[in-house]
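Here is a briefing for a first look at this structure. Begin with the view below, then read the points by topic.

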Amino acid sequence: MFWKFSSWACVNRFLRFRMNQLKTNTKIPANKHCALYTSLDGGIGYIAPINKEKFDKLGKLEMRMVSTIQHVAGLNPKAFRLTKPWLKMSHNHQRSVIDGELLYKFAFLERPKQDELAALVGITTEEVIDFLMEIDACTSFF
């Protein structure tokens with residue numbers, strides 16, 4: 001799952017939208033949907049499915065970005081946005097969602113920093129930008 005959100009708040013409503021079909025050679029099944037949501041404090045965001053290959057690569061990049069870039073107000077995105085269960089869980093928390101807001105900051109880093117982070121993960125900067133542009137194109141609703 002790829003999660004692009006503005007803040008962690010009480011979610012008011014979820015709306016399901018069909019993801020846009022791209023004119024490129026990417027393979028997006030016609031039945032893929034993403035969930036657009038709104039929160040009580042005025043936030044808006046979406047949750048979109050991505051394939052396992054992209055999830056693994058973007059997940060590694062997210063972990064590198066958490067530790068290398070500066071964050072607003074000193075809030076660590078990994079701890080700030082981690083869900084807090086009501087009851088104590090008997091198993092470890094498994095991450096199945098990628099922070100899209102953090103990953104979109106990759107496009108605004110300087111080129112040498114982008115190349116360094118992408119090399120640490122084992123992909124190229126162009127691949128990362130292509131992944132982000134593909135997700136953005138598939139989830140552009142209006």
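Leaving aside neighbours within four places in sequence, T139 is in contact (heavy atoms within 4.5 Å) with M19, C34, Y46 and A48. This is a predicted model, in which local features need pLDDT of at least 70, side-chain atom pairs count only at pLDDT 80 or more, and totals for chains, interfaces and linings use all residues. Residues are numbered from 1 along each chain as its sequence is written, and side-chain values use heavy atoms, with hydrogens and water left out.

- T139 sits in the segment after helix 5.
- With a relative accessible area of 5%, T139 is buried. Buried means under 20% relative accessible area, exposed means over 50%, and partly exposed lies in between (1.4 Å probe, protein chains only).
- The side chains of T139 and Y46 are joined by a polar contact of 3.3 Å. Such a contact is a pair of N or O atoms within 3.5 Å; within protein, one must be able to donate a hydrogen and the other to accept it, and residues adjacent in sequence count only if both atoms are side-chain atoms.

**Cysteines**

- How many disulfides does the structure hold? The number is zero, where a disulfide is a pair of cysteine sulfur atoms within 2.5 Å.
- The closest cysteine sulfur to that of C34 belongs to C138, and at 9.0 Å it is too far for a bond.
- C138, likewise, is in no disulfide, with the sulfur of C34 as its nearest cysteine sulfur.
- C34 counts as buried because its relative accessibility is 2%.
- C138 is buried too, with a relative accessible area of 2%.

**Helix 5**

- Helix 5 covers residues 125-138. Helices (H or I, at least four residues) and strands (E, at least two) are DSSP runs, numbered from the N terminus.
- Its 14 residues should span 20 Å at 1.5 Å a residue, and the end C-alpha atoms are 20 Å apart, so the two agree. The expected span is 1.5 Å times one less than the number of residues.
- Which residues of helix 5 are buried? They are T125, V128, F131, L132, E134, I135 and C138.

**Strands 2, 3 and 4**

- Strand 2 (residues 11-18) runs antiparallel to strand 3 (residues 33-39), and seven bridges join them. Two strands pair if DSSP finds at least two bridges between them.
- Strand 3 also pairs with strand 4 (residues 44-48), in the antiparallel sense, over four bridges.
- A35 in strand 3 has R16 opposite, and A35 also stands opposite I47 in strand 4.
- The hairpin of strand 3 and strand 4 has four residues between the strands, and G42 there takes a positive phi near 95°.

**Q114 in helix 4**

- Q114 lies in helix 4 (residues 111-121).
- Q114 counts as buried because its relative accessibility is 6%.
- The Q114 side chain reaches the backbone oxygen of A107 at 3.3 Å.
- Neighbours within four places in sequence aside, Q114 is in contact with F106, A107, F108, L109 and T125.

**The chain overall**

- The chain has five helices and five strands. From the N terminus on, their order is β-β-β-β-α-α-β-α-α-α.
- Of the 142 residues in the chain, 32% are buried.
- Among contacts in the chain with a separation of 6 or more, 66% come from residues 24 or more positions apart.
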